[in-house]
Amino acid sequence: MVKLIEYRQLASILTMFLIVQLAGLLIVFYLVSPAQAYIGTTGSGGSVESAALYFIAIVLFAVALMVLLRRYRGPLLFKGMEALMVVSASFYLFIIVLSSLFPNSLTYDLIASIAGAVLLIAAKNRWLSLQNFTTIVASVGAGLVLGIYFGFLASYIFMAFVAVYDYVAVFVTKHMIVFAREALRNNLSIMVVSSDVGIVPNGYLKPKEAAMLKKEFKNTHNETLKRLIASGNVPMPSMSALGGGDLIIPLMVAVGAYVSYLNYFFSVVIAIAACFGLVFSMWVSKRYGIGLPAIPPLFAFVSAGFGINVLLTTPTDWPFYLALFAEGIVVLAIILTTAMRQKRNAALKITGHTATSSRS
C-alpha cells in the first residue's frame, strides 16, 4: 500500500515519544528514592551479563514468533501477546507509583496494580481509540523497571545490542517489517500510530496504484472525500508509527543514568539526545521515502549525549568522549548510506511514472 509521510503525523509521533520520556523521568526523579533506585544496580541482576542474556531472550522470542507466524496468524496469538506485554509492563508502572505514594499498604498496592493493568488492556480492547494511550502507559512502565534494574552501563550496552538487531531485522531479514504490519493490522498496543487520509492528483500515482486506493475508499461516508474522488483526485493514507521498543529503550537508558549516578542533568541530556535521534530518523525516512529502524539513530545520539556528559564532567578523558562521538557519527553514516541505497534500489525496480514525494 502506498502511503504518504506527512509532517503532522511525524509531529504526533514525536509528541508521544516526548510524553513517554518526560513521564518516565518525572516518576523516577520524584517517586523513586535513591535507596529504591540502587536496589537494581547493586545486585548481580543489573550486570552487563544480565543485559546480554535479556537481549538473547528477545532474539529467541523473535525467532520463535517468526516460525509461529508461518503457521498461524490468527487474532488469538496477537491478542495474547499484546495482553502479556501490556499487563506486565503497566503493572510495573502502577506498583512503582502506588508503592511510592502508599508505602505502608503494599498488599493493597499489589492488588490495585494487577487490577489496573488488567482493566487497562480490557478498556483498550473495548475502545480502540485507547491504543496509543495504552502503549504509552506500558512503555513508561517497562522503561522504568528496566532502567532501575539494569542501571546505566548495562542499559547502554543493551541498547547497542538492540541497535544492531534492529538494523538487521529491518534491512536484512526484514522480519521486523512483518511484525509491524501484523501489529497495525490487529491494532495492537505495541506501537504508537498516527494516521490520516490525504488527497493527491490522479496523475501523482501509477494507474494501478490509483485504482487500488480508490477501490479501498469506495464505500466511504465522508461526503467531502466522495466529491474529491469524483473530481479525479485520489485518496492516500498518511501514517507514521513507532514501536514500543523505540519508546522504552531510550527511557531505560535515561532512567539508568539517574539510578546509577543520581544525576538529573545526565538523565535529561540522554532524553534530549534521544529526541534528536528520533527527529533525524524521521527526516531520513521522509527524505528517502523508506521505513527505518529507529533504535540505531537513537543510539547514535544517545552516545553523543553520553559523550557530552563525559566532556563536561571529566574533560581530561578526551579519548573516551571522542570515541563516543565517533561511534555516533559512524552509526548515522551507516543509516544514511543504507537509506540512499534502499531508495536507489527501489527506483531501479519501478518502471513508468514515479511520484516525487516521499512514501512509505
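Trainee: Is A51 buried, partly exposed or exposed?
Mentor: This is a predicted model, and A51 sits in helix α3, residues 48-71. The relative accessible area of A51 is 0%. The cut-off for buried is under 20%. A51 is therefore buried.

Trainee: How far apart in space are A51 and F161, C-alpha to C-alpha?
Mentor: Along the sequence, A51 and F161 are 110 residues apart. In space, their C-alpha atoms are separated by 9.3 Å.

Trainee: How many of the 41 residues of α6 are buried?
Mentor: The helix is mostly covered. Of its 41 residues, the buried ones number 31.

Trainee: Are α6 and α10 roughly parallel or roughly perpendicular?
Mentor: Helix α10 is residues 244-261, and its axis lies 4 Å from that of α6. The two pack at an angle of about 85 degrees. Angles of 65 to 115 degrees count as roughly perpendicular. So α6 and α10 are roughly perpendicular.

Trainee: How many residues of the contact of α6 with α10 are nonpolar?
Mentor: The contact also holds 9 polar and 2 charged residues. The nonpolar residues number 22.

Trainee: What distance separates the end C-alpha atoms of α11?
Mentor: Helix α11 runs over residues 264-288, which is 25 residues. At 1.5 Å a residue, it should span 36 Å.

Trainee: Which residue's side-chain oxygen reaches the backbone nitrogen of F265?
Mentor: Look at the start of α11. The oxygen comes to within 2.9 Å of that nitrogen. It belongs to N263.

Trainee: Which residue just after α11 takes a positive phi?
Mentor: Go to the other end of the helix. The phi there is about 65 degrees. The residue is G289.

Trainee: Where is L262 found?
Mentor: L262 has a phi near 50 degrees, a positive value in a residue other than glycine. Most residues other than glycine have a negative phi. L262 counts as partly exposed, at 33% relative accessibility. Its place is the loop between α10 and α11.

Trainee: What is the relative accessible area of N187?
Mentor: N187 lies in the loop between α7 (175-185) and β1 (191-201). It is not a glycine, yet its phi is positive, about 55 degrees. N187 is partly exposed, and its relative accessible area is 30%.

Trainee: What separation do the C-alpha atoms of A241 and I13 have?
Mentor: A241 belongs to strand β2, residues 233-243. A241 is partly exposed, at 33% relative accessible area. Along the chain, A241 and I13 are 228 residues apart. Their C-alpha atoms are separated by 6.9 Å.

Notes. Residues numbered from 1 in each chain as written. Predicted model: local features only at pLDDT ≥ 70, side-chain atom pairs only at ≥ 80, totals over all residues. Heavy atoms only, no water. Expected span 1.5 Å × (residues − 1). Polar contact = N/O pair within 3.5 Å; in protein donor to acceptor, adjacent residues only side chain to side chain. Buried < 20%, exposed > 50% of the residue type's maximum accessible area, 1.4 Å probe, protein only. Axes fitted to C-alpha atoms, helices over the stretch in contact; angles between N-to-C directions. Parallel < 35°, antiparallel > 145°, perpendicular 65-115°, else oblique. Nonpolar A, V, L, I, M, F, W, Y, C, P; charged D, E, K, R; others polar.
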